[in-house]
Amino acid sequence: MKIVSLSRSPAAARSLMSSFLSDGVRIAFLDEGPRDGTSIVLVHGFASNSKVNWVTTGWVATLVEAGYRVIALDVRGHGASEGPHDPALYGTATHMAEDVRRLMDHLHIERADVMGYSMGAWITGHLAVAHPERLRSAIFGGLAHAMVEGISGQETIAAALEAESDAEVTSPKGRAYRAFAKQTGSDLVALAACMRGSRQPVPADGLMQLHMPVLIAVGTRDDVAGSVEDLAALIPGAEVLPIPDRDHMLAVGDKVYKKGVLAFLAARP
């Protein structure tokens, strides 16, 4: 994991957060663009938040300019949302995907395109399997077959986040995640709980039953996402968007990614 600059753009400064209660946990979200526009819900990655993942990278401005109503939530335990310290409150299917569904209910949005990046793609996968009728399309950014087979090192990362000082962390992966989490101003204990309680595999048989359009967008140098080909083979009609020469961290704001997603969305009925 590389650490990237988190300097605020003018768009970030203009973005205002609202919030709602999702099963007792307050979830913060952005809601921008025309209310009569086609809705797209954005779900960010681990240790990030809606502004870092979607505003400062230009995604919100790009989608609003294209006429979309853009909703981007801070996942529980992240950003301006509440962060329980109990791992049992971070089930990817039972809690985090349901937060997205409840946000759509709160905003009276029956169906939306949903794009998740990294952990957000994992959440989107569970949402698509559990509530396929609510998704017009699903976009999995920065994550492929790893959502099915899992990712190792969760305990190492959680322990690094809980360490009392940076000096106690010896794992390179743990140091990278801890540094990024501190840079985004995150609650490290909440993130450790999230790491321990989430990331349940998306069931392969559920993905095989999906019939909404699906786009898998992954950097060609991404060593976190898992096999794009294996995930695409599971999902009927899934499209693949390679993001050239980008790793897991740098792909998220790439112009090829944005252009490909806009084309994918424009092709939807």
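Biologist: Leaving aside its neighbours within four places in sequence, which residues is aspartate 31 in contact with?

Modeller: A quick word on the source first. This is a predicted model, where local features need pLDDT of at least 70 and side-chain atom pairs count only at pLDDT 80 or more, while totals for chains, interfaces and linings use all residues. Residues are numbered from 1 along each chain as its sequence is written, and side-chain values use heavy atoms, with hydrogens and water left out. Now, contact means heavy atoms within 4.5 Å. On that basis, and with those sequence neighbours left aside, aspartate 31 is in contact with Arg69, Val70, Ile71 and Leu107.

Biologist: Which side chain does the aspartate 31 side chain make a polar contact with?

Modeller: A polar contact is a pair of N or O atoms within 3.5 Å; within protein, one must be able to donate a hydrogen and the other to accept it, and residues adjacent in sequence count only if both atoms are side-chain atoms. Here the partner is the side chain of arginine 69, at 2.7 Å.

Biologist: Is aspartate 31 buried or exposed?

Modeller: Buried means under 20% relative accessible area, exposed over 50%, and partly exposed in between, using a 1.4 Å probe and protein chains only. Aspartate 31 has 17% relative accessibility, so it counts as buried. You'll find it in strand β2 (residues 25-32). Strands (E, at least two residues) and helices (H or I, at least four) are DSSP runs, numbered from the N terminus.

Biologist: How many bridges join β3 and β5?

Modeller: Four, in the parallel sense, with leucine 42 opposite methionine 115 in β5. β5 also pairs in parallel with β6, over six bridges, and aspartate 113 stands opposite serine 137 there. On another part of the sheet, β3 (residues 39-43) and β4 (residues 69-73) are parallel over five bridges, with valine 43 facing leucine 73.

Biologist: Why is β5 largely enclosed by the rest of the structure?

Modeller: Six of its six residues are buried, so β5 is largely enclosed. Both faces are covered: Ala112, Val114 and Gly116 are buried on one side, and Asp113, Met115 and Tyr117 on the other.

Biologist: Which residues touch the most other members of the largest nonpolar core?

Modeller: A nonpolar core is a set of buried Ala, Val, Leu, Ile, Met, Phe, Trp, Tyr and Cys residues joined through side-chain atoms within 4.5 Å. The largest core has 63 residues, and Phe46, Met147 and Ile216 touch the most other members. Helix α9 (residues 188-197) gives the most to this core, seven residues. A second, separate core of 24 residues includes Leu42, Tyr117, Leu215 and Ile243.

Biologist: What do the buried residues of α9 pack against?

Modeller: They pack against α4 (92-106), α5, α7 (154-162) and α8 (172-183). Eight of the 10 residues of α9 are buried, so the helix is largely enclosed. At its start, a side-chain oxygen of aspartate 187 reaches to within 3.1 Å of the backbone nitrogen of valine 189. Just after α9, arginine 199 takes a positive phi of about 70 degrees.

Methods. Two strands pair if DSSP finds at least two bridges between them.
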